[in-house]
Amino acid sequence: MRRREFMAGLAGAGAATSPSLRALAQSGVAGATLSYGQSTSVLTLDPAHGTFTAYPGGYEAALCLYDRLLDFDAQMNIHPQLAQNFAMADDLMSATLTLRSGLRFHDGSPCDAAAVRLNLERLMDKERNPTNRPLWDPIIGIESPDAATVVIRLKTPFSQLPNSLAHGSGAIVSPQAVAQFGETGIAQHPVGAGPFKLASFTPGQELILEAFDGYWGGKPATQRIRFYTIAEAATRVSALRTGAVDVIDAVPVALVGTLKSDASLSVIATPGLRPMGFAINLSHEPLNDARIRQALNLAVPVEAIAEKVFFGYARAPDSPLAFNTAGHHAAGKLVFDQAKSKALLAEAGFSSAKPLKLSLFTPQGLFPNDVAVSEIVANALKQVGIEVAITKIEGGAYWDALRQDRANLKWDLAMFGFNPSNASGLYHLASLFKANADDAARPDVWNIGRYRNPKVDALIAQADRTGDKAQQDALLAQAQEIIWNDNPYVWLQVNENISAARKTIKGVEVWPIVFTSLRQATL
Amino acid sequence: MARYLASRLLVMPPILLGVVTILFLIFKMVPGDQALLAAGATATQAEIETIRHQLGLDRPLLAQYGAHLLGLLHGDFGYSTMFRGNPLPHILERVPATLTLAASAILVTIVIGIPAGILAASRQNRLADLLVSGSVTAFLSVPNFWLGMLLIAILSVGLRWLPSFGFDGLHSLVMPTLALAARLVAIIARLTRGLVIEEMRKPYVRTALAKGLTMHRVLWRHVLPNAMIPIITALGLEAGYLLGGAVVVERLFAWPGIGDLLLGGIGVRDYTLILAITVLFALGFLLLNLAVDLVCLAVNPRLRNG
Amino acid sequence: MAEAVIAARRALSRNRFLVIGAALLLGFAVFGEVLAPYDPDAQDLLALLEAPSLAHWCGTDEVGRDILSRLITGTRITMMIALLPVALAGLIGVSLGAVAGYLGGSVDRAISALIELLMTIPGLVLAIAIVAVVGANAAGLVAAITVSSTPPLARLIQARVRELRQEDYVSAAIVLGFRLPRILFLHVLPNAASVIVIQLSLLAGQAVLIGSALGFLGLGVQPPAPEWGSMLGASRQYIEIAPHVVIAPGLAIALLVFAFNMLGDGLRDRFDPNLSA
């Protein structure tokens with residue numbers, strides 16, 4: 001099926017069965033506050049600051065505050081939201097969408113084509129939106145021929161446009177608010193067209209939203225939502241158990257058992273889209289030797305880690321992409337073979353007399369059980385004769401240590417997991433494995449290990465230009481197999497995203513991209 | 001009294017200036033590019049240079065110092081990467097939580113520590129004394145974060161009596177206060193015990209008892225007032241522990257105070273925020289000591305000649 | 001100086017348990033790897049978070065390592081993090097304090113000002129700020145604890161030396177033409193020795209608490225070093241399902257601090273009852 005027809009069909013279906021918001025609007029307890037204990041904090045609510053700082057806290061709040069042109073559901077399928085119809089041209093060089101009528105922002109100003117155009121231009125502008133560039137760079141111009149129609153023009157064929165529009169950074173902000181509060185003021189005074197509007201905001205601590213009467217999908221059932229930051233996992237879980245909050249995210253696997261044994265709580269686990277791994281610094285000798293990289297992967301018992309450390313809430317991967325990413329293809333199976341690993345290392349010239357020494361970087365609290373997994377991997381590598389020195393870096397400084405000029409890279413192995421928050425496998429592969437324009441400078445996106453394979457680049461470029469899903473998937477499959485066998489990463493587990501809520505709360509969605517969505521939650 | 005207060009208050013700005021200067025110099029020694037940290041991991045070189053200029057990092061050290069001081073006069077602590085601007089309003093929002101915790105710790109210390117010390121002194125070397133002295137020794141050695149964790153394990157997880165996080169009403173104050181105050185209670189109890197014992201040896205006590213006054217009256221009417229000054233002074237000496245310990249306790253109990261914020265700032269290498277909060281802690285220390293001295297003056301007018 | 005050693009010996013001998021405890025600690029610090037039942041880094045993924053048993057007296061941690069072995073081998077690094085800074089603080093603090101107290105005048109005032117300024121910042125907060133600058137590693141920890149321990153010691157020495165300065169034998173020494181270093185080292189400091197030794201013992205206890213607090217907060221040494229505070233911080237999240245991981249390291253810290261406090265108290269009682277609170 002051609003992509004264009006697919007999207008148009010969805011658009012039609014979507015209009016008729018817009019996610020049961022209206023249905024839910026009639027049920028539930030009115031006038032109560034839904035309290036959400038988040039693991040990361042909401043610091044800024046401006047979509048043009050890309051990562052909303054401290055992922056995913058800000059995105060989750062934005063999901064309630066803002067509407068986007070298109071939306072994901074819990075299975076990462078794309079549906080219309082503010083746009084009633086969406087159609088991409090056959091040559092993938094433009095797209096036309098029709099907005100619903102009567103859309104309003106929280107401040108009463110109309111959400112029409114002009115407003116959408118102003119937003120998209122803002123996102124296109126490198127100055128005003130410095131992050132998530134791969135999502136917005138291909139857009140070259142926006143036209144709004146009438147109040148309900150928007151035409152997006154692209155500079156190259158861009159099949160991923162719907163994923164960009166559904167991405168969190170595609171949130172549509174009220175231009176009137178931008179004029180009133182200023183470009184930077186929007187971050188603290190967000191005005192969108194979503195089901196909830198801002199009541200109060202203490203960045204880093206608490207955000208309170210209240211239901212928006214004028215929402216096109218009907219006023220939401222929950223009157224207020226309170227986002228509260230509880231960084232410590234154990235305290236977060238306690239808060240849920242004592243009833244201080246109604247929903248929590250990022251439940252550590254160790255505590256799932258205690259939550260499950262509590263009859264008043266429900267645990268929601270969905271397979272994630274973020275495969276974990278250690279990026280290998282290919283610019284450091286001798287890591288450019290394929291045998292060594294293969295030896296590294298043979299030495300790590302990923303299945304045991306997934307089973308034991310994560311209590312079964314994780315799986316060993318079979319591809320650089322997670323299982324439910326669009327375009328996933330089983331590229332190979334992980335093998336745990338210490339003997340073969342030692343043999344390969346010996347072949348490459350390393351032994352107990354001349355051991356391979358590696359520097360491993362890990363953050364703390366950024367990824368699930370990051371320090372514990374790092375210690376296990378270091379120990380596993382020690383079993384085959386590799387000496388590993390662990391350096392633990394606090395959250396904020398970690399990204400900086402990773403994304404350096406080639407000359408400043410101090411790590412051989414760095415823990416990393418990428419979340420394609422637009423669910424696109426193509427986006428994931430391009431972000432991590434497409435060759436950097438200049439390996440000596442900082443990486444374009446997240447190709448921190450300086451991986452470079454022209455065949456992969458060609459496949460990615462081709463897939464970008466293909467509108468046909470089956471064709472695209474075939475190209476991506478080839479790319480995945482090449483990357484898998486090149487071993488640019490020490491592949492680790494794919495975690496499930498686990499949130500928990502009180503049983504009486506309905507409609508909490510845990511998206512594979514680590515988001516817990518409360519748009520449709522009711523008490 | 002007023003003149004004393006004024007002279008003490010006048011001395012504070014120079015002290016704070018000194019503290020700011022020392023910290024400013026310390027933070028200038030940070031390895032790495034501060035503009036890079038402020039701009040974020042995804043910034044281009046041009047953006048980093050823009051931020052460098054915005055933050056004044058391309059100017060000579062003295063100019064930066066001057067600009068920083070000038071900003072402080074307006075309450076502007078500089079550019080915090082976490083809050084993307086002056087962190088002061090956000091910090092001030094969290095001060096009440098820390099003040100509440102500190103105040104309740106002091107209250108608990110006085111309410112439990114002093115009577116415990118008196119009890120131990122009046123029953124010297126008997127069971128009560130041994131229990132109190134034993135507890136004192138224990139609480140002086142126990143790290144407050146461990147004590148907090150044990151309290152959580154027993155009172156929150158085990159018995160479900162108390163909430164283990166956040167500032168959510170009076171009962172959420174109980175465990176953080178206990179964890180923080182334990183050491184102070186021990187110090188004050190031990191001090192009180194020693195002072196009371198010493199006082200009781202003095203001739204006037206024997207005279208009073210011989211005259212027929214009850215031990216109870218002697219203790220509370222005569223012995224204790226003489227012991228107040230050293231006790232309050234000891235509290236002042238422990239102001240450093242109180243504020244420092246608050247940082248750990250706040251992190252453990254997710255208590256939304258400035259200590260927790262300080263640790264958050266460390267996590268993202270936000271030196272402006274770290275400097276601002278550290279200066280505030282110094283100010284808190286000075287104010288606590290001032291309060292202690294004023295109370296001592298009020299309690300014992302004889303000291304006013306000083 | 002000899003007085004100090006004699007007093008220490010007496011304080012220790014009075015308390016058998018303390019002697020045994022001190023011996024154990026020293027033994028662990030030096031011979032930890034030999035005495036520990038298991039390799040402290042040996043992981044067993046099939047035995048995560050096991051409760052105490054005959055095989056593992058203190059249970060296992062989140063990656064299957066024997067906690068008792070980690071406690072034993074961790075004695076060295078936990079003690080080093082405390083003792084090295086205390087030694088450094090002693091060196092710097094005593095020098096600064098002695099010079100300031102002896103010379104008096106503007107030198108005294110300048111050093112006093114610096115000390116007062118540093119002491120205005122609560123100890124742990126200052127330590128955290130230093131770690132933020134130097135980095136969360138062994139060097140950073142040592143620097144941080146040294147900086148927060150030096151001012152109180154310097155101030156104490158300063159006061160004591162000021163007192164001693166007035167003594168007759170010092171004036172005599174000056175008249176006799178002895179030079180400053182000789183006066184300080186041979187005459188003044190030995191008389192301040194008791195104060196120094198008592199304070200250092202108490203500072204050691206403080207240093208263990210600050211060091212383990214930093215470890216707990218994640219600002220300590222790199223994994224997998226078995227520093228007790230870091231062990232507590234890492235296992236904090238398992239307090240509900242495996243409380244045993246939290247008990248042992250905390251108890252160890254408390255016992256170590258207790259030992260230092262007892263030493264300090266014992267010395268103080270022996271030397272100068274007037275000094276006790």
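How many Å separate the centres of domain 1 and domain 2 of chain B, taken over C-alpha atoms? The separation is 31 Å. Welcome to a short tour of a predicted model, in which local features need pLDDT of at least 70, side-chain atom pairs count only at pLDDT 80 or more, and totals for chains, interfaces and linings use all residues. Residues are numbered from 1 along each chain as its sequence is written, while chains are lettered from A and ligands numbered from 1 in the order in which they are written.

**Chain B: domains and a helix pair**

- Domain 1 of chain B covers 1-80 + 270-306 and domain 2 covers 94-261, with bounds that come from an automatic or database domain assignment.
- Where the two domains of chain B touch, domain 1 supplies twelve residues and domain 2 supplies eleven residues; contact requires C-beta atoms, placed from the backbone, within 7 Å.
- On the domain 1 side of chain B, that contact holds nine nonpolar, three polar and no charged residues. Here Ala, Val, Leu, Ile, Met, Phe, Trp, Tyr, Cys and Pro count as nonpolar, Asp, Glu, Lys and Arg as charged, and the others, Gly among them, as polar.
- Helix H5 (residues 88-122) of chain B packs against helix H12 (residues 258-267) of chain B at about 130°, and their axes are 8 Å apart. Helices (H or I, at least four residues) and strands (E, at least two) are DSSP runs, numbered from the N terminus. Axes are lines fitted to C-alpha atoms, for helices over the stretch in contact, and angles run from 0 to 180 degrees between N-to-C directions.
- H5(B) and H12(B) are therefore oblique to each other; angles under 35 degrees count as roughly parallel, over 145 as roughly antiparallel, 65 to 115 as roughly perpendicular and the rest as oblique.
- From H5(B), Ile91(B), Arg94(B), Val95(B) and Thr98(B) meet Ile258(B), Gly259(B) and Leu261(B) of H12(B). By class, this contact has four nonpolar, two polar and one charged residues.

- Five of the five residues of strand S16 (residues 413-417) of chain A are buried, so S16(A) is largely enclosed by the rest of the structure. A residue is buried if 20 or more other C-beta atoms lie within 10 Å of its own, exposed if 12 or fewer, and partly exposed in between, with C-beta atoms placed from the backbone.
- One side of S16(A) carries Leu413(A), Met415(A) and Gly417(A), the other Ala414(A) and Phe416(A).
- S16(A) pairs with strand S12 (residues 265-280) of chain A in the antiparallel sense over five bridges, and Ala279(A) has Ala414(A) as its bridge partner. Pairing needs at least two DSSP bridges between the strands.
- Strand S14 (residues 357-363) of chain A pairs with S16(A) in the parallel sense over two bridges, and Leu413(A) is the bridge partner of Leu360(A).
- In helix H15 (residues 425-433) of chain A, eight of the nine residues are buried, among them Tyr427(A), His428(A) and Phe433(A).

**Chain A: a four-strand sheet**

- An open sheet in chain A has the strand order S4-S5-S7-S6, with antiparallel pairing.
- Strand S4 (83-88) and strand S6 (139-146) of chain A are the edge strands, and the twist averages 20° from one strand to the next.
- Five bridges link S4(A) to strand S5 (residues 94-99) of chain A.

**Chain C: helices throughout**

- Chain C has ten helices and zero strands.
- Buried residues make up 54% of the 277 residues in chain C.
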